Structure formats: structure tokens, C-alpha cells
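User: I have a new model open and want a quick tour before I plan anything. Can you walk me through it?

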Amino acid sequence: MSTSERFDCHYCKDSLLGKRYIMKEDTQYCTKCYENLFANCCDGCSIPIGCNCKDLSYKDRHWHEQCFKCEKCSRSLVEKAFAAKDDLLLCTECYANDYSSKCTTCKKTVMPGSRKMEYKGNSWHETCFLCHRCQQPIGTKSFIPKDTGYFCVPCFEKQFAYQCCACKKAITIGGVTYQDKPWHRECFLCIGCRKQLSGQRFTSRENFPYCLECFSNLYAKKCVGCTKPITSLAGAKYISFEERQWHSECFTCMQCSVSLVGRGFLTKRDNILCTDCGREK
């Protein structure tokens, strides 16, 4: 037989004519050479996994089909759910008995792969994590812990939350108290301009809250000099004379504009004058 007609193992050069062989990257090998060169070693028995065996793999580890079993009870894991703990492969039952958390409500094991709820180190089956009030599963919805129970948001609002005296809805976050009544921060508004008062200085009249600007415009005395409101709430000092009021900086001589605060003055009709201007003819 000519060299061009030969069909040999790439490694040992034995003829492959009439024999089983394996191709790897367009190169032929006899089964013995292929196993010696490329076969994976079984993680269970440490024997190479031959061409006639199934090679089961998980995370770069390999097993014979008969070696792929639970490390604890030795039951086969072939085509079954399993769990890994450190370097051990375990059937779901062994894993659950040894490592899975227990449901806080029913005390049964939370099986690997099942849906569960966790909160502050406790675990529940999804169907066991119930609202303390309505006894319905909370699932992935928001909840609020209270004492030793857990409440869905609607039940918590009904049982515990204050009701805003403006909109009558539950106050779940923050809030403002005014005259012993609860308000949402966004509902506590100036009765005049409807500006939010939370975090701002305000005053009241007849039990209604006002921002300083609205209160000044509606109720404060007006300065004779500048006609703007005078309000002590903003820290302003003012002068009062014959039922008329001035900001201290506006209380000046009508003629020469010198400040009259702390000084003598004269009146001429409705005008206030310093003593020098008042004596002039």
C-alpha cells in the first residue's frame, strides 16, 4: 500500500483502516491515543472517561455517568436537579436538610430553587410571607414592619398611618403637625398663595396658616414712608407715632432726609421734620 493510501493514527501511526477512530481538529486518532491524550479524568473515580462513556460536566469538572451522584446519599444526579456546596454536589433533598434555611412561619425547609422571601436574617416560602392584617401573600410588593408583624402598605395605612387633615389620605413618610393635626408636607400650604410652608417661617390668623409675605400684605400695618408692610415677624423694627407707623430706616426728616430715630422732631401738618428744618421759616 502506498504512503498516499495510508490512513494512520496521527500519534502512534497505527493504521486506522477498518478500525474505530476519532477526529479532533481535522486530525484522526485511534481510540486509545485519543483517550490517553484528550480524555477528561472523572472527578468521582479518577479514571479517564473513555470514548464509549458519557462525559457529564459541571464547572470544568467531569464525571462518568455512573459516578455523577450525590456526595452524601450517593443517589444518581443524572437528569436531576442538584445543588453545589463548596466542592460538593448534593441532591436537593440532602442540600435542603443540611444547608437550606427554614421558613419562619411554617418551620419547613425552603427547598433550593424555590421562590422565597428574606428579611433581616429570616426566610419564608413565598406563600408563607403574609400580611399580618389581611393574611394575603405579600410576594414582591412593598411591605412595612410593625412590632413583630409585617403589613402590606394598604393595610398599614388603614391600621396605623395618620390621615392628612387636608387630603384625608394616609401619611406614610414624614408629615407636619400644626395645631395638633397631621398634614402631608405637600398639603401644608399658605391659605393665601398656596405656597408650601413646610420648612418655612409662617404665622396664622383665625387658625389659618399664612406665609410671611401674604400675612404682611393682608394684615400688617403699612409704613408711611415706603408704603410697604411692617411686620415684626421678619425682624423689622418700626416707629409708631399718632397711629402712624414707619420702618426705622424710613423714619426720616421729610425735608432733609436725616434719620429721626432717637432724635427730637417736629410735625408740620402730616410731615415729620427734624428740629433744624422745623424751625426754618
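**A buried glutamine and its surroundings**

Analyst: Q245 counts as buried, because its relative accessibility is 10%. Keep in mind that this is a predicted model.

User: Where does Q245 sit?

Analyst: Q245 is in strand 20, which covers residues 244-247.

User: What does Q245 touch, leaving out residues up to four places away in sequence?

Analyst: Q245 touches K221, K222, C223, V224, I230, Y238, I239 and S240.

User: Which side chain makes a polar contact with Q245?

Analyst: That of S240. The two side chains are joined by a polar contact of 3.3 Å.

User: Let's stay in that stretch. What about phi of E242?

Analyst: Phi of E242 is near 50°. That is a positive value in a residue other than glycine. E242 lies in the loop between strand 19 (238-241) and strand 20.

User: Is E242 buried or exposed?

Analyst: Exposed. E242 has a relative accessible area of 59%.

User: What is phi of K168?

Analyst: K168 has a positive phi of about 70°, although K168 is not a glycine. The loop holding K168 runs between strand 11 (162-163) and strand 12 (170-171). K168 is exposed as well, with a relative accessible area of 58%.

User: Switching to salt bridges. How many are there?

Analyst: The count comes to four salt bridges. In general, side chains of opposite charge can pair when their charged atoms come close.

User: Which residue pairs with D43?

Analyst: R61 does. The closest N and O atoms of D43 and R61 are 2.9 Å apart. D43 lies in the loop between helix 1 and strand 3 (55-58), and R61 lies in strand 4 (residues 61-64), so the pair ties together parts that are 18 residues apart in sequence.

User: Next pair. What does R75 meet in a salt bridge?

Analyst: E93. The side chains of R75 and E93 meet at 3.3 Å, N to O. R75 is in the loop between strand 4 and strand 5 (82-85), while E93 is in helix 2 (residues 92-98), so this pair ties together parts that are 18 residues apart in sequence.

User: How accessible are R75 and E93?

Analyst: R75 counts as partly exposed at 42% relative accessibility. E93 is partly exposed too, at 44%.

User: What about E118?

Analyst: E118 forms a salt bridge with K116, and the side chains meet at 3.1 Å, N to O. E118 counts as exposed at 55% relative accessibility. K116 is partly exposed at 39%.

User: Y119 is the next residue I wanted. Which strand is Y119 in?

Analyst: Strand 7, which spans residues 116-119. Y119 counts as partly exposed, with 22% relative accessibility.

User: Which residues does Y119 touch, again leaving out those up to four places away in sequence?

Analyst: Y119 touches W124, F143, P145 and Y150.

User: New topic. Which residues make the nonpolar surface patch?

Analyst: Y11, L37 and F38 make a patch of about 290 Å². L37 is found in helix 1, residues 31-38.

User: Now helix 4. Which of its residues are buried?

Analyst: C214, F215 and S216 are buried in helix 4, which covers residues 212-219.

User: Last one. What domains does the assignment give?

Analyst: Domain 1 is 21-90, domain 2 is 163-219 and domain 3 is 227-280.

User: How far apart are domain 1 and domain 2?

Analyst: Their C-alpha centres lie 74 Å apart.

Technical notes:
Residues are numbered from 1 along each chain as its sequence is written. This is a predicted model: local features need pLDDT of at least 70, side-chain atom pairs count only at pLDDT 80 or more; totals for chains, interfaces and linings use all residues. Side-chain values use heavy atoms; hydrogens and water are left out. Patches are made of residues with over 30% relative accessible area and no salt bridge: like charges are joined within 9 Å, nonpolar side chains (Val, Leu, Ile, Met, Phe, Trp, Tyr) within 5 Å. Accessible areas come from the Shrake-Rupley method with a 1.4 Å probe; for residues, only the protein chains shown count as cover. Helices (H or I, at least four residues) and strands (E, at least two) are DSSP runs, numbered from the N terminus. Domain bounds come from an automatic or database domain assignment. Buried means under 20% relative accessible area, exposed over 50%, partly exposed in between (1.4 Å probe, protein chains only). A polar contact is a pair of N or O atoms within 3.5 Å; within protein, one must be able to donate a hydrogen and the other to accept it, and residues adjacent in sequence count only if both atoms are side-chain atoms. Contact means heavy atoms within 4.5 Å.
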